[in-house]
Amino acid sequence: MATTWTDEDPAAYVDAVTPAVRRRDALTLRDLMERVTGAPPRMFGTSIVGFGEYRYEYASGRSGHAPAAGFAPRKAATTVYLADGVGAHEELLAGLGPHTTGVGCLYLKDLEQVDLAVLEEIVRRSWTTVTDGTFGQRAARS
């Protein structure tokens, strides 16, 4: 994986996010993830705000590291990364509110339209799974 941790300031990054709805949501997610993980935000690459870290290894032996929790405010939607895969959270996702998904990504257009308590529980469960010391895989393999 070419993306890695940087020394960029996540607060400055979040403060500069546009449009305004993405910045508002980024501030909310930063606080939510910091509370859930107990880890400070750090920039992973140029646009991912990450919390904590987990290591993974493919069957081929190739390995890497990634944030154990994280998000990226994108123009079309904010991406919440779920390293254990969205499939692990199907039941909770049913009660979240408007969203779309990828293998390990949850796409949210407006946090005011989702149940933040449900989102917090999804992040908490994903964090617990990937930081318990036994996970070691990527979302595509979950």
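Student: What conventions apply here?

Tutor: The model is predicted, so local features need pLDDT of at least 70 and side-chain atom pairs count only at pLDDT 80 or more, while totals for chains, interfaces and linings use all residues. Residues are numbered from 1 along each chain as its sequence is written, and side-chain values use heavy atoms, with hydrogens and water left out.

Student: In what order do the strands of the open sheet lie?

Tutor: Helices (H or I, at least four residues) and strands (E, at least two) are DSSP runs, numbered from the N terminus. Two strands pair if DSSP finds at least two bridges between them. Here 6 strands form an open sheet in the order E1-E2-E5-E6-E8-E7, with antiparallel pairing. Strand E1 (41-44) and strand E7 (100-101) are the edges, each pairing on one side only.

Student: How many bridges join E7 and E8?

Tutor: E7 and E8 pair in the antiparallel sense over 2 bridges. Threonine 100 has tyrosine 107 in E8 as its bridge partner.

Student: How many bridges does E5 form with E2, and how many with E6?

Tutor: E2 and E5 are antiparallel over 3 bridges, and E5 and E6 are antiparallel over 4 bridges. A hairpin of 4 linking residues joins E5 to E6. Glycine 70 in E5 is the bridge partner of glycine 50, and glycine 70 also stands opposite tyrosine 81 in E6.

Student: Are the residues of E5 buried or exposed?

Tutor: Buried means under 20% relative accessible area, exposed over 50%, and partly exposed in between (1.4 Å probe, protein chains only). In E5, 5 of its 5 residues are buried. Ala69, Phe71 and Pro73 point one way, Gly70 and Ala72 the other way.

Student: What does glycine 50 touch?

Tutor: Contact means heavy atoms within 4.5 Å. Glycine 50, found in strand E2, touches Trp5, Pro40, Pro41, Arg42, Pro67, Ala69 and Gly70, not counting residues up to four places away in sequence. Glycine 50 is buried, at a relative accessible area of 0%. From glycine 50 to alanine 68 is 18 residues in sequence and 7.2 Å in space, C-alpha to C-alpha.

Student: At what angle do H2 and H4 cross?

Tutor: Axes are lines fitted to C-alpha atoms, for helices over the stretch in contact, and angles run from 0 to 180 degrees between N-to-C directions. The axes of H2 and H4 come within 10 Å and cross at roughly 45°. Angles under 35 degrees count as roughly parallel, over 145 as roughly antiparallel, 65 to 115 as roughly perpendicular and the rest as oblique; H2 and H4 are therefore oblique to each other. Residues that meet across this pair include Leu29 and Met33 in H2, and Leu119 and Val123 in H4. H2 also lies across E1, E2, E5 and strand E6 (78-81), running at about 175° to E5.

Student: Which residues have the most contacts inside the largest nonpolar core?

Tutor: In soluble globular proteins, nonpolar side chains tend to be buried together. A nonpolar core is a set of buried Ala, Val, Leu, Ile, Met, Phe, Trp, Tyr and Cys residues joined through side-chain atoms within 4.5 Å. The largest one has 34 residues, and those with the most contacts inside it are Met33, Phe71, Val80, Leu96, Leu106, Leu108 and Leu119. H4 gives the most to this core, with 6 residues.

Student: Which residues is valine 80 in contact with?

Tutor: Leaving aside neighbours within four places in sequence, valine 80 contacts Leu29, Met33, Gly70, Phe71, Gly104, Cys105, Leu106, Leu108 and Val123.
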